[in-house]
Amino acid sequence: MAGLKAYTLSIFAILSLTNSCVMASSRSQAVRGAYWPSWAFDTFPPSAIETSLFTHIYYAFLIPNNVTYKFDITNSTALMLVNFTSTLHSSNPPLKTLFSIGGANDGRELFSRMSSNSSSRKVFIDSTIEVARNFGFDGIDLDWEFPQTQDEMDNFGLLLHEWRAEVKKEAEATRRAPLLLSAATYFAVDFFIDKVYRSYPVGSVSENLDWINAMCYDYRGSWDTSATGAQAALYDPKSNVSTSYGLRSWIKAGFPRKKLIMGLPLYGRSWELKDPMAHGVGAPAVGLGPGELGVMTYSEVEKFNRETNATVVYDSATISTYSVAGTSWIGYDDIRSTTVKILYAQALGLRGYFFWAVHGDHEWKISKAVDDVDMMQLSSHGFFETRLGTSAMLCMSPCIASTSSQGQAFTNELVWIIQLCLYYL
Ligand SMILES: *[C@@H]1O[C@H](CO)[C@@H](O)[C@H](O)[C@H]1NC(C)=O
Ligand SMILES: *[C@@H]1O[C@H](CO)[C@@H](O)[C@H](O)[C@H]1NC(C)=O
Ligand SMILES: *[C@@H]1O[C@H](CO)[C@@H](O)[C@H](O)[C@H]1NC(C)=O
Ligand SMILES: *[C@@H]1O[C@H](CO)[C@@H](O)[C@H](O)[C@H]1NC(C)=O
Ligand SMILES: *[C@@H]1O[C@H](CO)[C@@H](O)[C@H](O)[C@H]1NC(C)=O
Ligand SMILES: *[C@@H]1O[C@H](CO)[C@@H](O)[C@H](O)[C@H]1NC(C)=O
């Protein structure tokens with residue numbers, strides 16, 4: 001490690017001399033997204049979003065009629081949609097807006113039926129384009145959680161193919177910019193731990209979507225109360241259920257890095273410890289901790305930390321954070337673990353990141369910190385598309401750190417990142 005540290009510092013010196021930290025340019029291609037939950041309208045309206053920190057905001061969620069597959073937009077929803085797009089378009093620079101269809105709790109069975117039949121696919125697709133244009137959206141996002149069989153995966157691929165064709169046709173006919181098309185997906189390219197193995201149709205997904213939002217979270221939670229867990233671990237020493245494994249599985253399957261967006265949670269998941277003295281990641285638990293179903297937003301975790309004088313621990317094995325107070329244990333990402341993840345995404349040459357969900361960090365602590373770590377100026381230069389990933393990372397990491405608001409505080413993480421790159425890229 002001492003050797004690595006010295007190497008980092010010497011490269012840092014070289015970079016300072018050559019002034020190759022061109023942080024200002026090429027931000028345009030990066031995607032810095034976040035989902036906005038429409039059910040939070042009263043407490044967190046679109047006007048509460050700190051627009052300078054994002055490029056794309058997703059309206060969560062709309063769901064089509066269960067029988068007709070068309071969207072029946074009520075008057076009150078129409079008001080919210082218009083409020084959403086007009087508020088976010090009036091910011092300077094204007095943000096791009098997409099509406100997201102489905103979500104964790106809705107649509108699985110509907111999507112399965114709709115996508116299996118070409119006439120219902122057509123009805124659905126036409127209705128999505130109509131909603132997007134009527135309410136001023138720049139794009140459409142499909143959040144189907146998740147296709148359950150390989151047949152459903154194949155239908156998902158067909159749907160995307162026909163969707164792209166219609167979007168292209170509509171843009172040509174109306175001489176407008178084509179609508180963006182994206183999808184929220186499983187963290188990995190295949191469901192390798194489920195009873196029913198299935199895999200995303202990578203060809204169709206990469207050809208027809210502008211990008212995917214890989215949901216790199218919910219690895220552990222209320223469904224298993226026997227042990228604590230890092231719900232969004234970058235690494236897991238004991239299993240492949242981790243962000244690094246998931247993102248790399250997409251890349252290995254031939255999915256383009258420029259269409260891959262890393263999901264970041266602005267919430268944590270909690271457990272009740274069996275023994276307050278045994279509180280690591282994976283420690284024995286007996287139930288759920290604070291928060292509804294053991295879920296707390298990042299802002300709520302911060303409040304919890306203040307009110308309980310919780311001990312906050314950074315877990316370098318998983319790259320995650322947890323708080324412990326008595327028998328209450330919460331696993332989440334804070335500024336530090338999120339920043340390391342962003343550096344990792346840069347090393348992989350990804351297109352950007354997104355948050356679920358924007359209201360979870362209402363003081364913008366995490367969002368501001370990661371905004372300082374610029375994404376695209378690295379990958380837009382094509383460094384990481386070559387197999388020079390490791391050496392490029394070695395060169396660029398100090399550049400990122402030196403311009404981040406935290407400055408030298410990230411030296412330890414840089415050493416970590418370099419180590420991780422050497423082992424895993
Ligand atoms: C949608 O329709 C299917 C059958 O067509 C039915 O099984 C399901 O319960 C319906 N879902 C909702 C939310 O109405
Ligand atoms: C919804 O709005 C339309 C047009 O403004 C109006 O004609 C209709 O009566 C409204 N419906 C309801 C249920 O308020
Ligand atoms: C959106 O709704 C908020 C809250 O009701 C309101 O203050 C704001 O003026 C609306 N903005 C637009 C552009 O409709
Ligand atoms: C396909 O969908 C159309 C329109 O929803 C319906 O009329 C038709 O019966 C469906 N076909 C099959 C085989 O389910
Ligand atoms: C993780 O996946 C790799 C193949 O992708 C496999 O060789 C390895 O055994 C897996 N590890 C675990 C702990 O399941
Ligand atoms: C937290 O620490 C402060 C200062 O040490 C103390 O005044 C307060 O009572 C503590 N609160 C709890 C819940 O332990």
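User: Where is the place of Ser120?

Analyst: This is a predicted model, in which local features need pLDDT of at least 70, side-chain atom pairs count only at pLDDT 80 or more, and totals for chains, interfaces and linings use all residues. Residues are numbered from 1 along each chain as its sequence is written, while chains are lettered from A and ligands numbered from 1 in the order in which they are written. Helices (H or I, at least four residues) and strands (E, at least two) are DSSP runs, numbered from the N terminus. By that numbering, the place of Ser120 is in helix α4.

User: Is Ser120 buried, partly exposed or exposed?

Analyst: A residue is buried if 20 or more other C-beta atoms lie within 10 Å of its own, exposed if 12 or fewer, and partly exposed in between, with C-beta atoms placed from the backbone. Ser120 has 17 C-beta neighbours inside 10 Å, so Ser120 counts as partly exposed.

User: Which residues does Ser120 touch, not counting residues up to four places away in sequence?

Analyst: Two residues are in contact if their C-beta atoms, placed from the backbone, lie within 7 Å. Ser120 and Val67 are 53 residues apart in sequence, and their C-alpha atoms are 9.7 Å apart in space. With residues up to four places away in sequence left out, Ser120 touches Tyr69 and Met114.

User: How are α4 and α5 oriented to each other?

Analyst: Axes are lines fitted to C-alpha atoms, for helices over the stretch in contact, and angles run from 0 to 180 degrees between N-to-C directions. Helix α4 (residues 118–135) and helix α5 (residues 150–174) have axes 10 Å apart and pack at an angle of about 45 degrees. Angles under 35 degrees count as roughly parallel, over 145 as roughly antiparallel, 65 to 115 as roughly perpendicular and the rest as oblique. Therefore α4 and α5 are oblique to each other.

User: What classes of residue make the contact of α4 with α5?

Analyst: From α4 the contact takes Arg121, Ile125, Asp126 and Ile129, and from α5 it takes Leu159, Glu162, Trp163, Glu166, Val167 and Glu170. Ala, Val, Leu, Ile, Met, Phe, Trp, Tyr, Cys and Pro count as nonpolar, Asp, Glu, Lys and Arg as charged, and the others, Gly among them, as polar. The contact of α4 with α5 therefore has, by class, 5 nonpolar, no polar and 5 charged residues.

User: Which residues of α9 and α10 make their contact?

Analyst: The axes of α9 and helix α10 (residues 365–372) cross at roughly 35 degrees and come within 9 Å. On the α9 side are Ile335, Thr338, Thr339 and Ile342, and on the α10 side are Lys365, Ile366, Ala369 and Val370.

User: Where is the place of Pro93, which a cis peptide bond joins to Asn92?

Analyst: Most peptide bonds are trans. The bond joining Asn92 and Pro93 is cis, with omega about -5 degrees. Pro93 sits in the loop between α2 (75–89) and β3 (96–103).

User: Where does Phe146 lie?

Analyst: The peptide bond from Glu145 to Phe146 is also cis, with omega near -5 degrees. Phe146 lies in the loop between β4 (139–144) and α5.

User: Is Arg175 buried or exposed?

Analyst: Most residues other than glycine have a negative phi. Arg175 has a positive phi of about 55 degrees although it is not a glycine, and Arg175 is found in the loop between α5 and β5 (180–185). With 6 other C-beta atoms within 10 Å, Arg175 is exposed.

User: Is Leu293 buried or exposed?

Analyst: Leu293, not a glycine, has a positive phi of about 55 degrees. Leu293 is in the loop between β9 (285–288) and β10 (295–297). Because 10 C-beta neighbours lie inside 10 Å, Leu293 counts as exposed.
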